[in-house]
Amino acid sequence: MTINGGISFWYATDRTAPATPPRAPLTGDATADVVIVGGGYTGLWTAYYLKSSAPSLRVTVLEQKFCGYGASGRNGGWLYNGIAGRDRYAALHGREAAQRLQRAMNDTVTEVVDIAAKEGIDADIHRGGVLEIARNPAQLTRLKAFHAAETAFGETDRELYDATAARARIGVADAVGASWSPHGARIHPLKLLKGLAAAAERLGVVIHESTPVTEIAPRRAVTPYGTVRAPYVLRCTEGFTASLKGQKRSWLPMNSSMIVTAPLPPETWERLGWSGREVLGDMAHAYMYAQRTADDRIAIGGRGVPYRFGSRTDNDGRTQPATIEALTALLTSFFPALTGTEITHAWSGVLGVPRDWCASVTLDPATGLGWAGGYVGSGVATANLAARTLRDLVQGDSTDLTGLPWVGHRVRRWEPEPFRWLGVQALYTAYRAADRHEAATHSPATTPLARLADRISGRAH
Ligand SMILES: Cc1cc2nc3c(=O)[nH]c(=O)nc-3n(C[C@H](O)[C@H](O)[C@H](O)COP(=O)(O)OP(=O)(O)OC[C@H]3O[C@@H](n4cnc5c(N)ncnc54)[C@H](O)[C@@H]3O)c2cc1C
């Protein structure tokens with residue numbers, strides 16, 4: 001039987017002892033030097049770095065439910081160097097600026113691994129890199145172009161594999177090639193999140209859970225239990241941002257869904273390989289992502305119902321049966337030997353998608369309002385870079401990080417409903433049709449429909 005929802009598999013099976021008791025809500029008006037809205041990676045890393053570099057700062061985190069309730073407690077555990085919008089930033093600010101951004105992301109993977117070690121956070125981290133595979137000729141054409149582009153961006157340590165070499169790494173039945181990058185690690189998302197929250201608290205950060213912020217304004221965050229006043233208010237709510245007053249049409253809450261198998265026996269792993277525990281992705285338009293967990297399951301994700309009308313978000317991660325079926329079919333198309341394998345958990349979460357698909361980090365010194373996000377599904381590492389950047393911005397320091405091209409980027413808002421909903425439905429219908437077409441025709445060219453969808457959606461630059 002599949003447990004559907006329950007926040008995530010990571011949450012439902014969390015056995016970290018002692019179990020963290022819920023943190024107390026806010027109990028009246030308060031003051032701080034920095035108030036952070038949202039207890040995910042962005043908020044907690046920001047709190048952690050601020051307090052580490054300026055121990056006298058009073059830093060308060062307000063979280064509507066509990067730390068890790070959002071995507072940070074639900075994601076696929078790809079800690080990797082991808083950042084949404086790099087190519088657009090190259091077009092806007094020049095290639096050298098985008099290369100600096102890419103190098104900062106490469107370093108960020110190491111930074112997270114190093115801080116986890118320093119803080120004694122056991123997050124099942126395995127630095128096996130990222131293996132992206134192609135499964136048909138059109139995907140192979142894109143894979144080669146992707147490999148060449150990443151290499152040109154300085155990833156000279158990337159490796160390109162033919163079908164045999166790709167399958168030797170991970171036994172994906174129909175792999176025709178792969179590109180491997182060392183800049184990635186498999187993590188247990190919730191263990192990282194919980195360890196980070198604990199590390200921030202050890203430094204003296206105050207975290208209030210069960211405290212929804214109903215309004216963010218210059219120098220104050222308003223909750224039903226009181227207002228926290230601070231010179232700096234940082235919005236770290238990513239996929240939930242649209243539910244805040246005045247933010248309905250900023251980052252679109254995109255849904256992503258996952259399933260996980262029961263632990264697989266050693267005989268199965270002998271057949272599948274995957275001994276390097278790379279995180280695994282593909283070159284489909286509606287792409288998938290997967291990891292081999294520390295307890296030898298496969299967790300695999302992709303888009304289910306991509307977007308809910310009116311920017312609604314779900315509550316407990318409950319996932320439509322049709323999405324569970326589609327992900328199960330995806331799993332067995334990758335690994336036919338897994339047909340009939342038990343799927344123990346299914347869940348979903350939301351990530352933030354800006355209108356131009358570019359992640360950004362901003363602080364307005366005049367109002368003290370700041371934010372970071374719009375990571376479009378690549379937020380595990382990016383949130384850490386955003387946090388160190390917010391730290392420098394709050395401290396008024398001009399650093400290598402504050403000079404990166406994603407700092408201060410502004411983006412136009414999404415269309416009002418029903419155009420927003422219709423647009424996203426049409427986009428993902430087009431991507432799925434393009435994937436089916438490419439798999440059926442074996443043409444090496446990307447389907448024009450997908451190119452058109454990329455252009456109309458603002459995803460291609
Ligand atoms: C299913 C799934 C798989 C993913 N897989 C990957 C992956 O493998 N690799 C990768 O790089 N990225 C992945 N992502 C994206 C990544 O998880 C996110 O980009 C990242 O976790 C965002 O962190 P965050 O702290 O900005 O936001 P979140 O983790 O969403 O945290 C925001 C927090 O703000 C709180 N909040 C919201 N509104 C309020 C309010 N009004 N008052 C108080 N608190 C509020 C929420 O409860 C939440 O805890 C995935 C996302 C999903 C959903």
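Two strands pair if DSSP finds at least two bridges between them. Helices (H or I, at least four residues) and strands (E, at least two) are DSSP runs, numbered from the N terminus. The structure is a predicted model, in which local features need pLDDT of at least 70, side-chain atom pairs count only at pLDDT 80 or more, and totals for chains, interfaces and linings use all residues. Residues are numbered from 1 along each chain as its sequence is written.

**View 1. Strands β3 and β4 pair in the parallel sense.** Strand β3 (residues 34-37) and strand β4 (residues 59-62) are joined over four bridges. Valine 34 has valine 59 of β4 as its bridge partner. Helix α2 lies across β3, β4, β14 (232-235) and β21, and runs at about 170° to β4. For such angles, axes are lines fitted to C-alpha atoms, for helices over the stretch in contact (C-beta atoms, placed from the backbone, within 7 Å). The angles run from 0 to 180 degrees between N-to-C directions.

**View 2. An open sheet of six strands has mixed pairing.** The strand order is β10-β4-β3-β14-β21-β20. Strands β10 (206-208) and β20 are at the edges with a single partner strand each, so one side of each has no neighbour in the sheet. On average, neighbouring strands of this sheet are turned by 15° against each other, direction ignored.

**View 3. β20 and β21 form a hairpin with four residues between the strands.** Strands β20 and β21 (residues 369-373) are antiparallel and pair over five bridges. Serine 360 has glycine 373 of β21 as its bridge partner. Glycine 368, in this hairpin, takes a positive phi near 75°. A residue is buried if 20 or more other C-beta atoms lie within 10 Å of its own, exposed if 12 or fewer, and partly exposed in between, with C-beta atoms placed from the backbone. Of the five residues of β20 (residues 360-364), four are buried, so the strand is largely enclosed by the rest of the structure.

**View 4. A second open sheet has the strand order β2-β13-β12-β11.** The pairing in these four strands is mixed. The edge strands, β2 (30-31) and β11 (215-217), each pair on one side only. Strand β2 runs parallel to β13 (residues 226-229), with two bridges between them. Alanine 30 has valine 228 of β13 as its bridge partner.

**View 5. The shell around the ligand holds 43 residues.** Gly38, Gly40, Gly70, Gly349 and Gly379 come nearest. Helix α2 (41-53), β15 (252-261), β19 (343-353) and α10 (379-394) each supply at least two residues of the shell. The largest share, four residues, comes from α10.

View 6. Isoleucine 7 counts as buried, with 23 C-beta neighbours inside 10 Å.

**View 7. A cis peptide bond joins glutamate 417 and proline 418.** Omega of this bond is about 5°. Proline 418 is in the loop between α10 and α11 (419-441).

Notes: A residue is near a molecule or strand if its C-beta atom, placed from the backbone, lies within 6 Å of it. Two residues are in contact if their C-beta atoms, placed from the backbone, lie within 7 Å.
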